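Have the model open beside you as you read.

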Amino acid sequence: MANATDHLWMHFTRMASYSAGEVPTIVRGEGAYVWDAQGRRYLDGLAGLFVVNAGHGRTELAEAAAKQAGELAYFPLWSYAHPKAVELAERIAALTPGDLNRIFFTTGGSEAVEAAWKLARAYFKRTGKPNKYKVISRYIAYHGTSMGALSITGLPGIKSDFEPLVPGAIKVPNTNYYRAPEHGDDPEAFGRWAADEIGRAIEREGPDTVAAVFLEPVQNSGGCFPPPPGYFDRVREICDAYDVLLVSDEVICSWGRLGEYFGAVRYGYQPDIITTAKGITSGYAPLGAMIASDRLMEPFLTETGMFAHGVTFGGHPVSCAVALANLEVFAREDLVGHVRANEAAFRATLEKLYDLPIVGDVRGDGYFYGIELVKDKTTRETFNEAESERLLRGFLSTALFQAGLYCRADDRGDPVIQLAPPLIAEQQHFDEIEQILRTVLTQAWTKL
Ligand SMILES: Cc1ncc(COP(=O)(O)O)c(C=O)c1O
């Protein structure tokens, strides 16, 4: 086989870093584990990329794909339907909160986010508020890489090469309580402040120019920030007051990741749109969706009206068949209930790491956690750029992998290790994660 770097251009990858070394090549998966080309086993602490929620090696999902490809490999959803898309849309609508009954399929998360922004703009154009086109999202949040989604993304480091981006994407503070700039001693006051920052941004921009707010239930990038108490209630009030749509970007946070089918349900708020992807098929085929409320579809139901948007492979029959089979597995094995029953144990196991001097904060919910690393626990001092580079890229990612744990060491905010194992994970996996982290983080501390 040719070297992986000869022709393959890997995503978000420093290709030069592999010029001397071999690219880790994963060839097989089973349950919560994957194996590389040399036969070494790794605990998949990130479910691939927050994707393989039902776990690896599910032959029934592979069989559902083969059966559908044999029956009808492809037909578009452009003025035609196919049975699996119809069935899946009905199934999803039954699981969503409130009247989120309209399912627009895509092939992934960026496309879902892109579709949501386009829908928000088109909706307001059709309802007499044509100047409402801007969107608000949070600093450091990741919402995808296509030009619209990238504009909503709040990470300067992955945007600057591509500027100018789409105008009208406004940023507000995230909900990093560990580093709260205000109200660091009172989560409720902090939540209120962070939500009110959205209101202030709307006022600043002009309420008649703002179409939507994009928020993840737990913000991934920066390291798993759960919403402070009252945050989403207040955001909902603000959105209602200014006639701004609330988009819950659940590309990671749906399909059991937080112990509910949807993150909005976990935190008890009602979005106008949910964007999703990843775990909807547990990764056995690519699929995403923008899920809109009935109200948002209404203006498009005139005789000649349509939402002038689409992608060839959105709602691909094979992907829809796989998603249905995936949801069967979820229901039969009660994977969502399994997360609820085990999330406290996952948290408690990770919190054991607090006895290490480098572990500053363990945060998250469900099966979605970030561990923030610090130089000084008492002052919460973080690492400077050079230390972060040496620690995260130079040591931790490789050392964790070599020790048998695939997860993510990320410094797009402050340095964090992120964990999101397949939802089948249980105590033995939590223990394995904790033990590997303990060993490697202890080594890391001596290297500082
Ligand atoms: C919250 C969120 N939105 C959007 C995306 C983009 O999804 P995709 O990579 O499928 O385009 C991601 C990807 O991780 C995400 O986490």
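Two strands are said to pair if DSSP finds at least two bridges between them. Helices (H or I, at least four residues) and strands (E, at least two) are DSSP runs, numbered from the N terminus. Please keep in mind that this is a predicted model, in which local features need pLDDT of at least 70 and side-chain atom pairs count only at pLDDT 80 or more, while totals for chains, interfaces and linings use all residues. Residues are numbered from 1 along each chain as its sequence is written, and side-chain values use heavy atoms, with hydrogens and water left out.

Let's begin with the sheet of four strands. This open sheet has the order β11-β12-β15-β14, and its pairing is antiparallel. At the edges you will find β11 (359-365) and β14 (408-410); each has a single partner strand, so one side of each is left without a neighbour in the sheet. On average, neighbouring strands here are turned by 20° against each other, direction ignored. (Axes are lines fitted to C-alpha atoms, for helices over the stretch in contact, and angles run from 0 to 180 degrees between N-to-C directions.) Six bridges join β11 to strand β12 (residues 368-373) in the antiparallel sense, and Gly 364 stands opposite Tyr 369 in β12.

Helix α13 (residues 385-402) lies across β12, β14 and β15 (416-419), running at about 170° to β14. Helix α14 also packs on the sheet, where it touches β11, β12 and β15, and its direction makes about 165° with that of β15. Contact here means heavy atoms within 4.5 Å.

What does α14 (residues 427-447) pack against at an angle of about 20°? The partner is helix α12 (residues 335-351), with the two axes 9 Å apart. That angle makes α12 roughly parallel to α14, a label for angles under 35 degrees. From α12, residues including Phe 346 and Leu 350 meet a set in α14 that includes Phe 430 and Leu 437. The residues of this contact divide into six nonpolar, three polar and two charged. (Ala, Val, Leu, Ile, Met, Phe, Trp, Tyr, Cys and Pro count as nonpolar, Asp, Glu, Lys and Arg as charged, and the others, Gly among them, as polar.)

Finally, turn to the open sheet of seven strands, ordered β4-β10-β9-β8-β7-β5-β6 with mixed pairing. Its edge strands are β4 (102-106) and β6 (169-172). β4 pairs with β10 (residues 288-292) in the antiparallel sense over five bridges, and Phe 104 has Met 290 as its bridge partner in β10. Helix α4 (residues 83-95) packs on this sheet, touching β4 and β10.

How values were computed. Parallel < 35°, antiparallel > 145°, perpendicular 65-115°, else oblique.
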